[in-house]
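Below is a short briefing on one protein model, written to be read with the sequence and the coordinates at hand.

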Amino acid sequence: MENSEKTEVVLLACGSFNPITNMHLRLFELAKDYMNGTGRYTVVKGIISPVGDAYKKKGLIPAYHRVIMAELATKNSKWVEVDTWESLQKEWKETLKVLRHHQEKLEASNCDHPQNSPTLERLGRKRKWTEKQDSSQKKSLEPKTKAVPKVKLLCGADLLESFAVPNLWKSEDITQIVANYGLICVTRAGNDAQKFIYESDVLWKHQSNIHVVNEWITNDISSTKIRRALRRGQSIRYLVPDLVQEYIEKHNLYSSESEDRNAGVILAPLQRNTAEAKT
């Protein structure tokens, strides 16, 4: 299959990134290898979108620091970048709205930079020649609009399983995410993503748009474990990028006090969805 026939894909990872770890970065590499390996897709970009402070997750430090750490972590990446739109929102934004924002942004960019056929530029000088062409040849002279890349949600199996938590997600949002965008789910040890998809009618219906990537080189690094190590004065070297470790130490970001941030506060999606369910 020629490259032009492949669907271009942008991988979008939403989350706390509190802090970003080497595992977060590996998700992008694993997903890119898998999608490119299908022969049907070409991954052209990866986007890290840290959640805003209004998410109110326990232990969530200010977005300002989380964005900077993500930028430091991707400093040497040629294809993964950090987007601040979600983190700058005053109110928490549903993942569906973040996906929609980035898809619309790509579509707007595509309209601003149409890919014109170089043949068109010669039409004025060769009008007589053009008039002799048949209809099939004329079609080849029309402007070629480059297909807009498709945004897909990159996640771990834990996010997939969170779909089952009451009021954490709107059922219509889950449907639109898997139907209109799609998921690339990287499994961790102990997760059975395929079983979870089988047990969900919505996920099963749209399983062709859910790509499960097996992580054969197991990696159990998590932000929660990183924060725990930091609270206990233990080393986190080689678990996060060196620049991220230096930033954390310089600003003394994680402690017992920071872990109590938002303690007792109901998570924004639970609060919003529970309230809407009562109305």
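In this predicted model, cysteine 14 has serine 49 of strand E2 as its bridge partner. E1 and strand E2 (residues 41-50) run parallel and pair over nine bridges, where two strands count as paired if DSSP finds at least two bridges between them. Helices (H or I, at least four residues) and strands (E, at least two) are DSSP runs, numbered from the N terminus. Residues are numbered from 1 along each chain as its sequence is written, and side-chain values use heavy atoms, with hydrogens and water left out. Local features need pLDDT of at least 70 and side-chain atom pairs count only at pLDDT 80 or more, whereas totals for chains, interfaces and linings use all residues.

**Strands around E1**

- E1 also runs parallel to E4, to which four bridges join it, and leucine 11 stands opposite lysine 152 in E4.
- A right-handed β-α-β unit is made by E1, H1 and E2; right-handed means that, with the strands pointing away from the viewer, the path from the first strand over the helix to the second runs clockwise.

**The largest pocket**

- The largest pocket holds about 990 Å³ of space, a volume being the space filled by probe spheres set on grid points that are joined across faces, edges and corners.
- Its lining has 40 residues, of which Cys14, Gly15, Ser16, Lys57 and Leu159 are the closest to the centre.
- A pocket is here an open set of points on a 1 Å grid over the protein atoms alone, where a 1.4 Å probe fits, with protein on both sides within 12 Å along at least five of seven lines, and lining residues have an atom within 4 Å of a point.
- At least two lining residues come from each of E1, H1, strand E4 (150-156), helix H7 (157-162), H11 and H14, and H1 gives the most, with four residues.
- By class, the lining of the largest pocket divides into 20 nonpolar, eleven polar and nine charged residues, with Ala, Val, Leu, Ile, Met, Phe, Trp, Tyr, Cys and Pro counted as nonpolar, Asp, Glu, Lys and Arg as charged, and the others, Gly among them, as polar.

- Histidine 102 belongs to helix H4 (residues 95-112) and is buried, at 4% relative accessibility; buried means under 20% relative accessible area, exposed over 50%, and partly exposed in between, with a 1.4 Å probe and protein chains only.
- Apart from neighbours within four places in sequence, histidine 102 is in contact with Leu12, Ile47, Asp83 and Val151, contact meaning heavy atoms within 4.5 Å.
- Threonine 74, in the loop between helix H2 (63-73) and strand E3 (80-82), is likewise buried, with a relative accessible area of 8%.
- With neighbours within four places in sequence left aside, the contacts of threonine 74 are Leu25, Ile48, Val80 and Val82.

**Backbone features in loops**

- Asparagine 18 and proline 19 are joined by a cis peptide bond, with omega about 0°, and proline 19 lies in the loop between strand E1 (7-15) and helix H1 (22-37).
- Tyrosine 238, a residue other than glycine, has a positive phi near 75°; this tyrosine 238 lies in the loop between helix H11 (223-231) and helix H12 (242-251) and counts as exposed, at 61% relative accessibility.
- Asparagine 262, also a residue other than glycine, has a positive phi near 65°; asparagine 262 is in the loop between helix H13 (256-259) and helix H14 (268-278) and counts as buried, at 16% relative accessibility.
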